[in-house]
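I opened this notebook to record, entry by entry, what I looked up in the structure shown below.

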Amino acid sequence: MLHISDFRVKKQKENSFNLVGKIKVKILVICAFIVASLFFAQLVFANNLAVDGQKLSEIEDQIAKFEEDNTTLRAEIAKESSLSTLSQRAEEMGFEKPSKLTTF
Amino acid sequence: MDRIKIFQIIIFTAAIFIIARLFYWQFIAQVTSSGEINSAQIIPASRGEIFTNDDFPIVADQEAFLLYAKPHEITKDSQELAKVLAPSLISEKYATSGAAFLPDLQKQKEEEVKQLQTNIFAHLADKNLFWVQLARKLPKDIKEKIQTLDISGLGFEKDKKRFYPEASMAAHLLGFVGLNKFGDDTGYFGLEGYYDQRLKGQPGRLGRDRDPLGFPILVGRYRTVEPKKGDSLKLSIDRTMQFIVEQKLEQAVEKYGAKEGTVIISDPKTGQIMAMATYPNYNPNLYQEYDGSQYKNPAIANTYEPGSVFKLITMASALDMSLVDPNTRCDICSGPRQIAGYEISTWNKKYYPNSTMTEVIQHSDNVGISFVADKLGIDRFYEYILKFGFREKTGIDLQEEADGAIRNKKDWKGIDLVTSAFGQGIAVTPIQMVQAVQAIANRGVLISPKIVAKIIANSKEEIVKPGEKRQVISAKTAAQITEMMVNAVEKGEAKAFVPKGYKIAGKTGTAQIPLAGHYDPDKTIASFVGFAPANDPKFVMLVLFNQPSASIFGSETAAPTFFEIARELFNYLGISQAND
């Protein structure tokens, strides 16, 4: 015959197990949530970084292109303003060297 | 199957997929991405520019490209591809405006194209080669032309190339940039050679991690070292003066049928070189097309017997020692004289008994100068030769300077004293002669010549200190020898060419060239050295012709050229007749 008191003890034991189990599940859920959040956050950051990397690459390409254009233009300006080019152009346009120089 | 097992299978499959993908990125993709991931890439440094004194870049860097091929990726027929590429990759000399009209050059071009075609085909046909270089230093327009052909397996890498906006102007002075045995850009000759370490800068290194698509991984490690651009040089060279000199020199060399001509112009107060030219010259852009003997700058690397110009040094030495004065009379000048079996005579066999020292310089009298040499003696004369800077490098900032050829004093005999007094039997460089005459123009103070006025490093200007200074002769002696030089110009052989209204100090020189142990009477070095205005010199100039054929004399070749250039300089520098 089962004593009433024994039944109560068992009931109490079951109740305490349920409480621990509930806490454990809660902890697990929280951990899972944190992991999931961190994983998601990492994904977001990694994605952003990947996009930023691409942007940086584009900016670097642009800088390189501007520098290249700058070098080409400087060379072009130097060539066009060289004395050999200017004197040739002046000659073609009919300019003549002054035969007499007057100083005041 | 319960749900847990299904879930386990999904997790396991995903893990396998992730591991497989990671393996691919880590090992397979890295190997095939031409080593760009995690690898250090060299960033070439721009070479410093060279500016004339008006801030014009006489030498600059230009974008250029290296063309490479990956033979295993080429799908087009190699023979046909070589045929398409070869005409674009030949020397730039065929692209010059005049080249199309020269039949010889056209024939040479065809041969070069054929040769290059064979070489390219040999490279492309070898499918074992992963990467092969087809050409370097290609200009941008050629790169764009090849790119439009859209050929798979060809690629370009960025490179730099020297660019000379004024083409061959001051070529000997500037030098050029070529490739050393490791394939790196290196400066040779002139300023490029002398200042190579400062001009070339330091290449950088791109050590940033990149993903397989080539984008930088921002969380990766940064190990980038930025390239350091080479220092730039600002010269004392005046571009306009250089242009005038080169034009006049070319005309004169052709007019007088000379083998070669050299002109140096300097500022006597600072020792800075304002113009330095030699004709014929070469195009530094196409230096490979010229014979190697043309690379050296004759103005600093060649030695010559100065002839009568050296009488200035002899006379200045004797005046400085107070052994003679301008009015001292030569008592042995009535005819030729014999020394150790050699006859010392005048160039035109005319003799001037009892001529003064001023007249000795005016007539360029060999017998008269032998009279001065006797008074000096070997020891004192030799000492002054050294004081004037002969037999040692001037210290000019150019790579290939020679130190002249003057024998040891102990080997000198009586005849050497006399012949050296009129500039035969000794060899000097043109720049040494300019340095010595600069001392006369600068009240007896010798200043070592320099070409670079400033070095620009990291946007900061570093002023190059003037060369060594020393008092060689007294100011009084300098004034006396200047007056003698003015007299020589006004009453000498070349007086007809002198610009009117200007006081110019100068001296002609005609030296025979030693050949196989004797002097060839028909081959001479004709020169004229001087400065103007004589009382406040703004420039010192040396004009020198090697073996002029129209006339062997300096008074008929170098002197007229000197005065013609001087006339242009008076206008350019705003030196009026009234100022004198």
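**Entry 1, domains.** I began with chain B, where the centres of domain 1 and domain 2, taken over C-alpha atoms, are separated by 46 Å. The assignment, whose bounds come from an automatic or database domain assignment, gives domain 1 as 1-32, domain 2 as 57-93 + 103-164, and domain 3 as 239-579.

Residues are numbered from 1 along each chain as its sequence is written, and chains are lettered from A and ligands numbered from 1 in the order in which they are written. Where pLDDT is low, the predicted coordinates should not be read in detail. For the complex, the predictor gives an ipTM of 0.71 and a pTM of 0.82.

I looked up the secondary structure, in which helices (H or I, at least four residues) and strands (E, at least two) are DSSP runs numbered from the N terminus, and found 16 helices and 20 strands in chain B. Chain B has a radius of gyration of 32 Å, well over the 25 Å that the globule rule gives for 580 residues, so it is more spread out than a compact globule; the radius is taken over C-alpha atoms, and the rule is 2.2 Å times the number of residues to the power 0.38. Its C-alpha trace spans about 135 × 50 × 50 Å along the principal axes. Chain A has 2 helices and 0 strands.

I counted a residue as buried if 20 or more other C-beta atoms, placed from the backbone, lie within 10 Å of its own, exposed if 12 or fewer, and partly exposed in between. Of the 580 residues of chain B, 43% are buried, and in chain A the buried share is 4% of 104 residues. In helix H13 of chain B (residues 414-421), 6 of the 8 residues are buried, among them Leu417(B) and Val418(B). Their cover includes helices H10 (311-320) and H12 (366-387) of chain B.

**Entry 5, the open sheet.** I traced 5 strands of chain B, in the order S11-S10-S20-S19-S18, which form an open sheet with antiparallel pairing; two strands pair if DSSP finds at least two bridges between them. S11 (273-279) and S18 (505-515) of chain B stand at the edges, each with a single partner strand, so one side of each is left without a neighbour in the sheet. S10(B) and S11(B) are joined by 6 bridges, and Ile264(B) has Met276(B) as its bridge partner in S11(B).

I then turned to S6(B) and S7(B), which form a hairpin with 5 residues between them, where Gly183(B) in the turn has a positive phi of about 85°. These antiparallel strands are joined by 4 bridges, and Val177(B) is partnered with Gly187(B) in S7(B).

How values were computed:
This is a predicted model: local features need pLDDT of at least 70, side-chain atom pairs count only at pLDDT 80 or more; totals for chains, interfaces and linings use all residues. Two residues are in contact if their C-beta atoms, placed from the backbone, lie within 7 Å.
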